[in-house]
Amino acid sequence: MPFDSATGVVPNKLGRVTGCADLYCSGWVKRGPIGVLATTMNDAFETGKYVVEDLLSKPSIQDQKCGRDAVIDILRQKGVAVVSFEDWEKIDATEKKHGKEKGKPREKIFIIPEMLSIAKN
């Protein structure tokens with residue numbers, strides 16, 4: 001991704017990164033370190049508007065409404081372990097149980113294979 005270290009911004013037009021199709025930026029990396037939180041938020045809304053505009057202008061996006069199941073299939077084909085909401089609830093319950101045993105609201109599990117094991121059992 002291009003970056004202008006002299007100005008501290010990613011070259012862009014309306015949040016569309018110059019020279020990079022389907023890549024966008026907002027906030028300080030778009031305009032530089034100026035403004036307050038509301039400025040950055042409104043800037044993100046502006047960029048989001050152009051992301052949606054670009055997506056809707058692509059016939060392939062309008063014609064294909066694959067949905068969640070198609071995304072899950074693609075992830076699984078790539079070997080990505082998919083965690084459903086129900087799987088996450090198992091992880092959440094286990095973290096809360098371990099936390100309660102230690103007098104805390106939760107004991108966060110950081111080891112991904114451990115999380116996946118809990119989710120799938």
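The largest cavity of this predicted model holds about 40 Å³ of space, a volume being the space filled by probe spheres set on grid points joined across faces, edges and corners. A cavity here is a set of points on a 1 Å grid over the protein atoms alone where a 1.4 Å probe fits but cannot get out, and its lining residues have an atom within 4 Å of a point. A search of the whole structure finds one cavity of 30 Å³ or more. Residues are numbered from 1 along each chain as its sequence is written, and totals for linings use all residues, while local features need pLDDT of at least 70.

The lining of the largest cavity is made up of G27, W28, R31, G32, I34, T39, T40 and D43. Helices α1 (28-31) and α2 (37-56) each supply at least two of the lining residues, and α2 gives the most, with three. Helices are DSSP runs (H or I, at least four residues), numbered from the N terminus.

In α6 (residues 112-120), M115, I118 and A119 are buried, that is, under 20% relative accessible area with a 1.4 Å probe, protein chains only. These residues share one side of α6, because they cover an arc of only 100° around the axis, taken from the directions from the helix axis to the C-beta atoms. The buried residues of α6 pack against α5 (85-101), contact meaning heavy atoms within 4.5 Å.

Helix α5 contains T94, which counts as buried because its relative accessibility is 19%. Leaving aside residues up to four places away in sequence, T94 touches I109 and I118.

Methods. This is a predicted model: local features need pLDDT of at least 70, side-chain atom pairs count only at pLDDT 80 or more; totals for chains, interfaces and linings use all residues. Side-chain values use heavy atoms; hydrogens and water are left out. Buried means under 20% relative accessible area, exposed over 50%, partly exposed in between (1.4 Å probe, protein chains only). On a 1 Å grid over the protein atoms alone, a cavity is a set of points where a 1.4 Å probe fits but cannot get out, and a pocket is an open set with protein on both sides within 12 Å along at least five of seven lines; lining residues have an atom within 4 Å of a point.
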